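User: I have a chain open and want to talk it through. Can you take my questions as they come?

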Amino acid sequence: MSDPVRFRGAGGVRLEGRVFGSGDVGVVLGHMRPGDQSQWFGFAALLADRGYAVLTYDRRGVCPGGDLGCSDGNAER
């Protein structure tokens, strides 16, 4: 289970992601190119089950849409 989040990156660019779990220790998972944050969902769920708070997000300009959202900006940066 995860919850959608929005936050501002460098230069004020809006990024969208998801938070899995909760805990005193947080892990941030950034995806590779090509792809989107869903590449990390299985591992994020595993970490959440082990007591970590996990953030996945789509980097600038990545817009899979739907439940995955869309991050603003230019993907080339």
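User: How many salt bridges does the count come to?
Analyst: Three salt bridges. The rule asks for a side-chain nitrogen of Lys or Arg within 4 Å of a carboxyl oxygen of Asp or Glu. This is a predicted model, where local features need pLDDT of at least 70, side-chain atom pairs count only at pLDDT 80 or more, and totals for chains, interfaces and linings use all residues. Residues are numbered from 1 along each chain as its sequence is written, and side-chain values use heavy atoms, with hydrogens and water left out.

User: Which residue meets E16 at 3.0 Å?
Analyst: R6 does, in a salt bridge with 3.0 Å from N to O. The pair links distant parts of the chain. R6 is in strand β1 (residues 2-8) and E16 is in strand β2 (residues 14-20), 10 residues apart. Strands here are DSSP runs of E with at least two residues, helices are runs of H or I with at least four, and both are numbered from the N terminus.

User: Is E16 buried or exposed?
Analyst: E16 counts as buried, because its relative accessibility is 9%. Buried means under 20% relative accessible area, exposed means over 50%, and partly exposed is in between, with a 1.4 Å probe and protein chains only.

User: And R6, buried or exposed?
Analyst: R6 has 62% relative accessibility, so it counts as exposed.

User: What does R14 pair with?
Analyst: R14 forms a salt bridge with E16, and their closest N and O atoms are 3.2 Å apart. R14 also meets D72 in a salt bridge, at 3.4 Å from N to O.

User: How do R14 and D72 count for accessibility?
Analyst: R14 counts as partly exposed, because it has 23% relative accessibility. D72 is at 35%, so it counts as partly exposed too.

User: Which residues are linked in the network, then?
Analyst: R6, R14, E16 and D72 are linked in a network of salt bridges.

User: Staying with charge, how far apart are the mean positions of the positive and negative charges?
Analyst: They are 7 Å apart, for 9 positive and 9 negative charges. Lys and Arg count as positive, Asp and Glu as negative, and His and the chain ends are not counted. Each charge is placed at NZ of Lys, CZ of Arg, CG of Asp or CD of Glu.

User: Zoom out. In what order do the elements run?
Analyst: From the N terminus on, β-β-β-α-β. That makes one helix and four strands. The radius of gyration is 12 Å, close to the 11 Å from the globule rule for 77 residues, so the chain is as compact as a globular protein of that length. The radius is taken over C-alpha atoms, and the rule is 2.2 Å times the number of residues to the power 0.38.

User: What box do the C-alpha atoms fill?
Analyst: Roughly 35 × 20 × 20 Å, taken along the principal axes. Buried residues make up 31% of the 77 residues.

User: Now the loops. Which peptide bond is cis?
Analyst: The one from R33 to P34, with omega near -10°. P34 lies in the loop between β3 (26-30) and α1 (41-49).

User: Where is W40?
Analyst: W40 is in the loop between β3 and α1. W40 counts as partly exposed, because it has 24% relative accessibility.

User: What does W40 touch?
Analyst: L29, G30, H31 and T56, not counting residues up to four places away in sequence. Contact means heavy atoms within 4.5 Å.

User: Last one. Where does S22 sit, and is it buried or exposed?
Analyst: S22 is in the loop between β2 and β3. S22 counts as exposed, at 56% relative accessibility. Setting aside neighbours within four places in sequence, S22 is in contact with G51, Y52 and A53.
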